[in-house]
Amino acid sequence: MVYAASKNGCFLSFGGGSVTLSELEEAAGKGIKTKIFPEFLPDPINLDGKLAQGKTMAEICSIQTKYTKEI
């Protein structure tokens with residue numbers, strides 16, 4: 001995703017987890033314009049499954065954790 005944004009684009013983040021967070025930080029480090037939409041949360045069914053596996057909201061919603069006060 002960062003490569004695509006590097007071609008005169010903008011890296012858009014619609015919520016996301018650790019992979020999105022690392023890509024967002026990579027884009028910012030390369031001087032690529034970024035736009036974050038932290039209000040997008042995971043699908044509730046998938047979220048319940050990940051929480052049942054013992055993952056925390058901070059792990060699942062890395063973008064929201066880093067860029068908002070509440071998730």
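The legends below describe an overall view and several close-up views of a predicted model.

Local features are reported at pLDDT of at least 70 and side-chain atom pairs at pLDDT 80 or more, whereas totals for chains, interfaces and linings use all residues. Residues are numbered from 1 along each chain as its sequence is written, and side-chain values use heavy atoms, with hydrogens and water left out.

**Figure 1. Overall view of the fold.** The protein contains five helices and two strands, where helices (H or I, at least four residues) and strands (E, at least two) are DSSP runs numbered from the N terminus. Along the sequence these elements follow the pattern α-β-α-β-α-α-α. The C-alpha trace spans about 40 × 20 × 15 Å along its principal axes. Of the 71 residues, 25% are buried; buried denotes under 20% relative accessible area, exposed over 50%, and partly exposed the range in between (1.4 Å probe, protein chains only). Among contacts with a separation of 6 or more, 50% join residues 24 or more positions apart, a contact being heavy atoms within 4.5 Å.

**Figure 2. The largest nonpolar core.** Eight residues form this core: Val2, Ala5, Phe11, Leu21, Leu24, Ala27, Ile32 and Ile63. Helix H1 (2-5) and helix H2 (18-29) each contribute at least two of its residues, and H2 provides the largest share, three residues. A nonpolar core is a set of buried Ala, Val, Leu, Ile, Met, Phe, Trp, Tyr and Cys residues joined through side-chain atoms within 4.5 Å. In soluble globular proteins, nonpolar side chains tend to be buried together. Leaving aside residues up to four places away in sequence, Ile32 touches Val2, Ala5, Ser6, Gly9, Phe11 and Ala27.

**Figure 3. Surroundings of Gly15.** Gly15 occupies the loop between strand E1 (10-13) and H2. With a relative accessibility of 2%, Gly15 is buried. Its contacts, not counting residues up to four places away in sequence, are with Thr20, Phe37, Phe40, Ile63 and Gln64. Gln64 is 49 residues from Gly15 in sequence, yet the two C-alpha atoms are 6.4 Å apart.

**Figure 4. Surroundings of Phe37.** Phe37 lies in the loop that links strand E2 (33-36) to helix H3 (44-52). Phe37 counts as partly exposed because its relative accessible area is 22%. Beyond residues up to four places away in sequence, Phe37 touches Leu12, Ser13, Phe14 and Gly15. The C-alpha atoms of Phe37 and Ile63 are separated by 8.8 Å, at a distance of 26 residues along the chain.

**Figure 5. The cysteines Cys10 and Cys61.** Cys10 is partly exposed, at 30% relative accessibility, whereas Cys61 is buried, with a relative accessible area of 1%. The structure holds zero disulfides, a disulfide being a pair of cysteine sulfur atoms within 2.5 Å.

**Figure 6. Ala4 in helix H1.** Ala4 belongs to helix H1 and is exposed, at 54% relative accessibility. Asp48 is 44 residues from Ala4 along the chain, and their C-alpha atoms are separated by 32 Å.
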